[in-house]
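Please look through the notes below with the model open beside them. They are meant for someone who has not seen this structure before.

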Amino acid sequence: DILMFPVLWHSFGGTDASDPRSLVGAEGIVTERCGPRGYVRVRGETWKAEPEEQGRPIEKGTRIVVAGGRGLTLQITPRDACRTDGQPE
């Protein structure tokens, strides 16, 4: 165990992939229209999502940025509506 720890230590740290907050700022694509809820693909995983700005559906195929999370649902914004630093305008 002592000899393997330096090789494997990074596997035990870092962000929790099941926590939507760890995905804030990540880019993805809408796989099912989000109006009001749909699905997106982010970092190779499918997540339930809703537009951060309620009442503005986001169509399938739109590139998005994760703005936040509520429970296991991501709050998203279209990538076009983001500044160059990845934050919503």
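Predicted model: local features only at pLDDT ≥ 70, side-chain atom pairs only at ≥ 80, totals over all residues.

**Notes on the fold and its contacts**

1. Strand β1 (residues 27-32) and strand β2 run antiparallel and are joined by 4 bridges. The two strands form a hairpin, with 5 residues between them.

2. How are the strands arranged as a whole? They form a closed barrel of 5 strands in the order β1-β2-β3-β5-β4, with mixed pairing. On average, neighbouring strands of this sheet are turned by 55 degrees against each other, direction ignored.

3. For the chain overall, the secondary structure comes to 1 helix and 5 strands. Along the sequence the pattern reads α-β-β-β-β-β. The protein chain has 89 residues, and buried residues make up 28% of them. Its accessible surface comes to about 6200 Å², of which 52% belongs to carbon and sulfur atoms. Among contacts with a separation of 6 or more, 45% are between residues 24 or more positions apart.

4. G38, V40 and V42 make up the covered face, while Y39 and R41 make up the uncovered one.

5. The largest nonpolar core has 13 residues. Those with the most contacts inside this core are V30, C34, V40, V42, I64, L74 and I76. Two or more residues each come from β2, β3, β4 (63-70) and β5 (73-78).

6. I76 deserves a look in the viewer. Leaving out residues up to four places away in sequence, I76 touches V30, C34, V40, A49, E50, P51, E52, I58, I64, V65, V66 and A67.

7. Apart from residues up to four places away in sequence, Q75 touches E50, E52, V65, V66, A67, G68, G69 and R70.

8. A26 is found in the loop between α1 (5-8) and β1. Its relative accessibility is 8%, so A26 counts as buried. Leaving aside neighbours within four places in sequence, A26 is in contact with V42, R43, I64, V65 and V66. From A26 to V65 the C-alpha distance is 5.7 Å, although the two are 39 residues apart in sequence.

9. Side chains of opposite charge can pair when their charged atoms come close. How many salt bridges does a search of the whole structure find? The search finds 5. One of them is formed by R33 and E59, whose closest N and O atoms are 2.9 Å apart. R33 lies in the loop between β1 and β2 and E59 in the loop between β3 and β4, so the pair ties together parts that are 26 residues apart in sequence. R33 is partly exposed, with a relative accessible area of 39%, and E59 is partly exposed at 41%.

10. A further salt bridge is formed by E50 and R70, with 2.8 Å between the closest N and O atoms. This pair links distant parts of the chain, since E50 is in strand β3 and R70 in strand β4, 20 residues apart. E50 counts as buried, at 5% relative accessibility.

11. The side chains of E53 and R56 also meet in a salt bridge, at 3.3 Å from N to O. E53 is partly exposed at 48% relative accessibility, whereas R56 is exposed, with a relative accessible area of 52%. Salt bridges that share partners also join R37, E50 and R70 into one network.

Methods
Residues numbered from 1 in each chain as written. Heavy atoms only, no water. Buried < 20%, exposed > 50% of the residue type's maximum accessible area, 1.4 Å probe, protein only. Pairing = 2+ DSSP bridges. Axes fitted to C-alpha atoms, helices over the stretch in contact; angles between N-to-C directions. Contact = heavy atoms within 4.5 Å. Areas by Shrake-Rupley, 256 points an atom, 1.4 Å probe, with all protein chains shown as cover. Core = buried A, V, L, I, M, F, W, Y, C linked by side-chain atoms within 4.5 Å. Salt bridge = Lys/Arg side-chain N within 4 Å of Asp/Glu carboxyl O.
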